[in-house]
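Dear colleague,

Please find the structure below, handed over for your records. A short account of the findings follows it.

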Amino acid sequence: MNDPAAKSSSDEQLPPDRNWRTAMSRTLQHREELLLALGLMPGHDVVARAFPLRVPRGFVDRMQPGDPDDPLLRQVLTTREESLEVDGYSSDPVGDLDSAIAPGVLKKYAGRALLIVTGACAIHCRYCFRRTYPYAHGSLTNRELANAIDLLAADPTIEEIILSGGDPLTLPNSRLDTLVDKLTQIPHVRRIRIHTRIPVVMPERIDSYLLDIVATSRRPVIFVIHCNHAREINASAASAVGALIDAGATVLNQSVLLRGVNDSADALTDLSECLFDIGVLPYYLHQLDPVIGTAHFAVEDAQAIELVDAISGRLPGYLVPRLVKEIPGRSAKTPLHGTPSKHNNDAA
Ligand SMILES: *Cc1c(COP(=O)(O)O)cnc(C)c1O
Ligand code: SF4
């Protein structure tokens, strides 16, 4: 199926991104349809107008039929808990909107700028801190993008540009190609980083054109994928990630610590092991950002630290992700784990 020679055969009349475009148009968008696909009773409907349900069919295939508590299902199923108002949960908990220096450009951390190229995603994760954002739907216009690139080019302190969203891989290849080309022509830009959940949730998106963009980039390309549970990694996700690595990319993972999804030492250990099996190192384990409608996913800081303690006792250091929390106004993500405690002060 992945025979490169097939591309030049006369049967291949559709563009090479045909597969992922089809997958994108076939994402499930109704709660009832999703539950019925898993043999579950739909029950009462929950309508989430601002941030509707969306999940690729290939991701549904990785869920356990008949299990209403499936950790993959829990990440995408709209629930009544989302409409609860809980103290401390707001619509811009990380203060991102304050660090925007132009439409789509956030500069918050030294040396790095975040370019929000699109608000679109292949999957809608219910815990997402971007769920309430004003840019949640469209992409940057060409004019906004050109303006953003000019701004980045004019600031020599920026060494790394992080493409984020939404999911940057929802952009067409031709647009990504031009963008990477322009960004890597800026002399002070040393690295391009792409934050994306797509290699995991819609691996068919990692097509030959995209791999070519990575392989021919003037600067190193780093993918920070987003996987929260070992069961998200199936053979297709593994081969998509393998192809990115073969094209020369560095691939790291970030996860969000989520109640009922990965809040156990076993789940986190399995996740790290399975990531390493496919060539990916765990980077961050994020404490949930307190965005409205997500309180049911929260894990207390003390429990989060205990969990990371537990996995640190089981895994080599390089497989332990950094537990971090986003605190508005800080110049980096704040580590919650690893600061010396009273108990280990005796180590000379
Ligand atoms: C997390 C984040 C980054 C990247 O931070 P790293 O610690 O380098 O991964 C950059 N900009 C913003 C706004 C972020 O939230
Ligand atoms: S893919 Fe990323 S940005 Fe999109 S909804 Fe999920 S967590 Fe949010």
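Which exposed residues does the face of α11 turned away from its buried side carry? They are A302 and E306, where exposed means over 50% relative accessible area and buried under 20% (1.4 Å probe, protein chains only).

This is a predicted model, in which local features need pLDDT of at least 70 and side-chain atom pairs count only at pLDDT 80 or more, while totals for chains, interfaces and linings use all residues. Residues are numbered from 1 along each chain as its sequence is written, chains are lettered from A and ligands numbered from 1 in the order in which they are written, and side-chain values use heavy atoms, without hydrogens and water.

Helices are DSSP runs (H or I, at least four residues), numbered from the N terminus. The buried residues of α11 are A304, L307, V308 and I311. Down the helix axis they fall within an arc of 95° (taken from the directions from the axis to the C-beta atoms), so they line one face of α11.

In helix α5 (residues 142–153), L145, A148, I149 and L152 are buried. Their arc is within 100°, so these residues also line one face of their helix. On the other side of α5, R143 and D150 are exposed.

Around ligand 2 (a heavy atom within 4 Å) are F51, C121, I123, C125, C128, G166, R197 and H226. Five residues of this shell are nonpolar, two polar and one charged, with Cys counted as nonpolar, Gly as polar and Arg as charged.

Yours sincerely

Methods
Helix = DSSP H or I, 4+ residues; strand = E, 2+ residues; numbered from the N terminus.
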